[in-house]
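Welcome to this structure! Here are a few notes to read alongside it, going from the whole chain down to single residues.

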Amino acid sequence: MLRRVMGPLLGATLVFGCDPQPTGPGAEALDPAVSAAAQASGHRTQATVTFGRNDLGTDFFPPGSHDASFHAKDAIRPRTTVIDVGGTVTFNVAAAHKIAIYEPGIGPRDIDVTSLEPAGTPFPFPPIINDPNGRIVRGPLGFGPTTPFVWTFDQPGKYLVICEVSVHFIDAKMYAWVDVK
């Protein structure tokens, strides 16, 4: 009897309980990158976050061909990054993504998704969320392979980081947290 119950439970754990770790370019950015000195002291002064993955999912061209692989191409890894006050986070922003960082106390439900603006591209592109309430900074729309966007967090708190591309935030839930201790 135990074997019959444990088999399905083990299978469910393997299927639902694991966050598959991508391989290939950018896979090393899944965990915060911490210097040797920081590791020795227990402090996190630097972290790296993968903000979208160009090497996963399908291409966007021709228009309408993207398979909405939100779990892969349009995700932020890790979902939560912990760093010390005064530490920096490098967001490796993939093409067709736009980063915004919001002050502590702002959550995904607080973002006004009706405040939209055109992306300003010469090709068809979804509108961009432009909610300034509590926003600290916004980065450029990524066009190249990967663009690093570095930010230093000088105050403690839990900061919301979103992709301002409307469909990425609304449909793919493309947001993450930087927890500054």
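1. Start with how the chain holds together: among contacts in the protein with a separation of 6 or more, 69% are between residues 24 or more positions apart. Please keep in mind that this is a predicted model.

2. Next, the overall make-up. The protein has three helices and eleven strands. Read from the N terminus, the order of elements is α-α-β-β-β-β-β-β-β-β-β-β-α-β. Of the 181 residues, 37% are buried. The protein exposes about 10,000 Å², and carbon and sulfur atoms supply 60% of that area.

3. Which strands form the open sheet, and in what order? Four strands take part, arranged E2-E1-E4-E9, with mixed pairing. Strand E2 (76–77) and strand E9 (146–153) are the edge strands, and each of them pairs on one side only. Strand E1 (residues 46–51) runs antiparallel to E2, and two bridges join them. To find this place in the model, look for Phe51, which stands opposite Ile76 in E2.

4. The peptide bond that joins Arg77 and Pro78 is cis, with omega about -5°.

5. Ala96 has a positive phi of about 70° and sits in the loop between strand E4 (87–94) and E5. Lys173 also has a positive phi, near 55°, and belongs to the loop between helix H3 (166–170) and strand E11 (175–180).

6. Are these two residues buried or exposed? Ala96 has a relative accessible area of 15%, which is under the 20% cut-off, so Ala96 counts as buried. Lys173 is at 48%, and because this value falls between 20% and 50%, Lys173 counts as partly exposed.

7. Leaving aside residues up to four places away in sequence, Asp112 touches Ile129 and Asp131. Asn130 is 18 residues from Asp112 along the chain, and the C-alpha atoms of the two are 8.0 Å apart. With a relative accessibility of 31%, Asp112 counts as partly exposed, because that value lies between the 20% and 50% limits.

Notes: Residues are numbered from 1 along each chain as its sequence is written. This is a predicted model: local features need pLDDT of at least 70, side-chain atom pairs count only at pLDDT 80 or more; totals for chains, interfaces and linings use all residues. Side-chain values use heavy atoms; hydrogens and water are left out. Buried means under 20% relative accessible area, exposed over 50%, partly exposed in between (1.4 Å probe, protein chains only). Contact means heavy atoms within 4.5 Å. Accessible areas come from the Shrake-Rupley method with a 1.4 Å probe; for residues, only the protein chains shown count as cover. Two strands pair if DSSP finds at least two bridges between them.
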